[in-house]
There are 2 protein chains.
Amino acid sequence: MKPPIDASLLPRGFKFSAVACGLKKSGLDLGLIVSDVPASAACLFTTNRVQAAPVFVSRVHLSQSRHKMRGIIVNSGNANCATGAEGISVAATTALKTAWELGRHHPSQILVCSTGVIGVPLPWKKIIKAIPHIVRTRTATATAFAQFTRAIMTTDTRPKFAAANCRIGGKKVRLLGCAKGAGMIHPNMATMLAFVVTDVAASPNVLRRALRDAVCGTFNAITVDGDTSTNDTLALLANGASGARAIRWDNADYRKFLGALESVCHSLALQIVADGEGARRVVEIEVRGAPSDRDADQMARTIANSPLVKTALAGGDPNWGRILAAAGRSGVRFKPDRVEIRMAGILMCRNGSEHSFGERAAHRKLLATHVPIVVNLRAGKGTARIWTCDFTGDYVRINASYRS
Amino acid sequence: MKPPIDASLLPRGFKFSAVACGLKKSGLDLGLIVSDVPASAACLFTTNRVQAAPVFVSRVHLSQSRHKMRGIIVNSGNANCATGAEGISVAATTALKTAWELGRHHPSQILVCSTGVIGVPLPWKKIIKAIPHIVRTRTATATAFAQFTRAIMTTDTRPKFAAANCRIGGKKVRLLGCAKGAGMIHPNMATMLAFVVTDVAASPNVLRRALRDAVCGTFNAITVDGDTSTNDTLALLANGASGARAIRWDNADYRKFLGALESVCHSLALQIVADGEGARRVVEIEVRGAPSDRDADQMARTIANSPLVKTALAGGDPNWGRILAAAGRSGVRFKPDRVEIRMAGILMCRNGSEHSFGERAAHRKLLATHVPIVVNLRAGKGTARIWTCDFTGDYVRINASYRS
């Protein structure tokens, strides 16, 4: 496999590996990220009331190890969710075995993630048997990272990764991230698996702030189908191997690092939307002129999750009326007769009524891979931006037969 | 056209007609219901913040005429929504012309409804020109009623109607209803066009109470796609032509009438779901054992609107994990490890984990036209029942090309 990134982009002191342990019918399905030294860790987990066993175990481990972690082990093909006490035990055993093989570490230094079908017991023997090999074969190479990005895929059609760097006190700091997720994608940190590793030096507290700051306009601003998963995890590991001075909260170093972290998260989030199940285009929904940012966000999310809006977009249909109707049921108070709607840069609705436009040309523009929609309520200063994708027959085909 | 109902089911004193006035590419697109004498009227309108011109005009007319109406004129093919001041004027003119042709009545005695595409000016001349003919050809026949039920259709694949009767003081009272709606169907009275006429005698106040009582478990308990329309209207006309004594609130007569009204509304609501765009089955989602009825309702609606649940149902996939995941993001507090889930009568999840079942047999049962799903939280006495349909590739095909 040709490595998709240059080896110079890899943060120092991290190794990767992946194996096929038989959870998926074919292909890599178990991946490992290891830091040579204990790394500061910050994680955000799903907000779903139903949380998978690995989410439970990872939360416990983070607090036990005071957010200093050695690595992350991830399987695809089975979510280990709704699997009862046995599921918890499988996730804990996976961490235990991984920590042991890595060098008799404490199991709480390992994060565990799973993704795949819900409610089916995880065949834990396959994982446990594969751990010695996956630990032994870890390397700090672009090829190993590329294999890791494939091992975490489920209905994804392509691996998703992004890199960035910045300078802290004259030293180069590298960030490298990857993500999986194509269905059950909905904002508020319940969206997918994503891992970002960096050789910056930072305390877990600073890291947590940076992660929270970075997700607002990135991972928390995307939606594929409004369904929030039970397993979603975003993990950030920082091992300080760059040798740069440690960053502190809210100084110039922090802001430089945050900028780089945001660029990685933004790229990964948009890759997830672009690879939304069955998606053919990314749709950027911007609401302006709302009474407040919160109102704008609520309206943008309602529009982004409307099946009628999303199917119209699949057909390149300039159906601004459905956008207006979705705005109307969003719960936000506004005057319909002041609204302006632009699709793909074309003004289609002014003062709440049709503004004449060339339907043919509009249709052509709406078939692009990136379609911006701007709804201006002309009532205040609130704005929000949400990314989603169109809703195609392929989404249905993928999801009507996923399990059986 | 063979009348779908027996003439004996027609309430006394109502006439119907329909014409093709050229709003749709082909077929009937303008319908009229007339009561021989002013009838008590109760109406429920969309809760969408964006309301179509005919909704605005009908509201005004109801209050001007103190809820005593002569008739309802309905067009399909164009929603007359987001059409500005001109749209209001078109709806008002339609009522004016209809009232005039019916016998120089005051225009406020006419309700106006429109359904179809949003944001395109309604070609009002076609309607105005057709009104003398549609008024002249009205008859109290089952055939005319059948034509009316077709004239209000848009993406509906079949007309929807239901009849009931009851005895008030020894006299027979008849109820007859029809409805349209297949997409943009979402509860809270923003669902569709539906008309129920009856020859019961009742004041507008009593009628309004009966209508509100009847919609809770019927029209407000269905959802096709979570999109709330801008035009939806449920109108109930009662002209007293049966000769039965007037019903009063909450006596035995009222309850008998309410029972009949609920049966008509229930039948129409389920017909709408069964004809949901692209739908192959009706799915009944019941949540039991919730902390409160309100919690149960919230969870049932979240499950009913989950694209992942609905696509799994399209494929007959016993994917109870998606139901549990949707329950988990509904905002209702519950203990996942107490949950029981049954699909098509088969227990699939017990104490939040898989309960072993025959996958083949389950798949076969899930391909039925009516699939019950029961989620029991085992935490309280709250219950709710919501009806929806599966989400197929045809839904996408219908909606990706509706307008252009």
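**Close-up views of a predicted two-chain model**

**Figure 1. The contact between chain A and chain B.** In this predicted model, 58 residues of chain A and 58 residues of chain B make up the contact. On the side of chain A that touches chain B, at least two residues each are supplied by helix H8 (307–314), helix H9 (320–328), strand S12 (353–354), helix H10 (359–366) and helix H11 (393–400) of chain A. H9(A) gives the largest share, eight residues. By residue class, this side of chain A divides into 23 nonpolar, 24 polar and eleven charged residues.

**Figure 2. The relation between the two chains.**

Figure 3. Chain A is divided into domain 1, covering residues 7–274, and domain 2, covering residues 282–400. A distance of 33 Å separates the C-alpha centres of domain 1 and domain 2 of chain A. Between them, twelve residues of domain 1 of chain A are in contact with eleven residues of domain 2 of chain A. The side of domain 1 of chain A that touches domain 2 of chain A holds eight nonpolar residues, four polar residues and no charged residues.

**Figure 4. The largest nonpolar core and the surroundings of Val264(A).** The largest nonpolar core has 284 residues. The residues with the most contacts inside this core are Val264, Ile323 and Leu324 of chain A, together with Val264, Ile323 and Leu324 of chain B. Leaving aside residues up to four places away in sequence, Val264(A) touches Ala162(A), Ala163(A), Ala164(A), Leu175(A), Gly177(A) and Val196(A).

**Figure 5. An open sheet in chain B.** Six strands of chain B form an open sheet with mixed pairing, in the order S12-S11-S10-S13-S9-S14. Strand S12 (353–354) and strand S14 (382–389) of chain B are the edge strands, each pairing on one side only. Strand S9 (residues 282–290) of chain B runs antiparallel to S14(B), and seven bridges join the two. Ala290(B) stands opposite Gly382(B), a residue in S14(B).

Note on methods
Residues numbered from 1 in each chain as written. Chains lettered and ligands numbered in written order. Predicted model: local features only at pLDDT ≥ 70, side-chain atom pairs only at ≥ 80, totals over all residues. Contact = placed C-beta atoms within 7 Å. Helix = DSSP H or I, 4+ residues; strand = E, 2+ residues; numbered from the N terminus. Nonpolar A, V, L, I, M, F, W, Y, C, P; charged D, E, K, R; others polar. Domains from an automatic or database assignment. Core = buried A, V, L, I, M, F, W, Y, C linked by C-beta atoms within 7 Å. Buried ≥ 20, exposed ≤ 12 C-beta atoms within 10 Å, placed from the backbone. Pairing = 2+ DSSP bridges.
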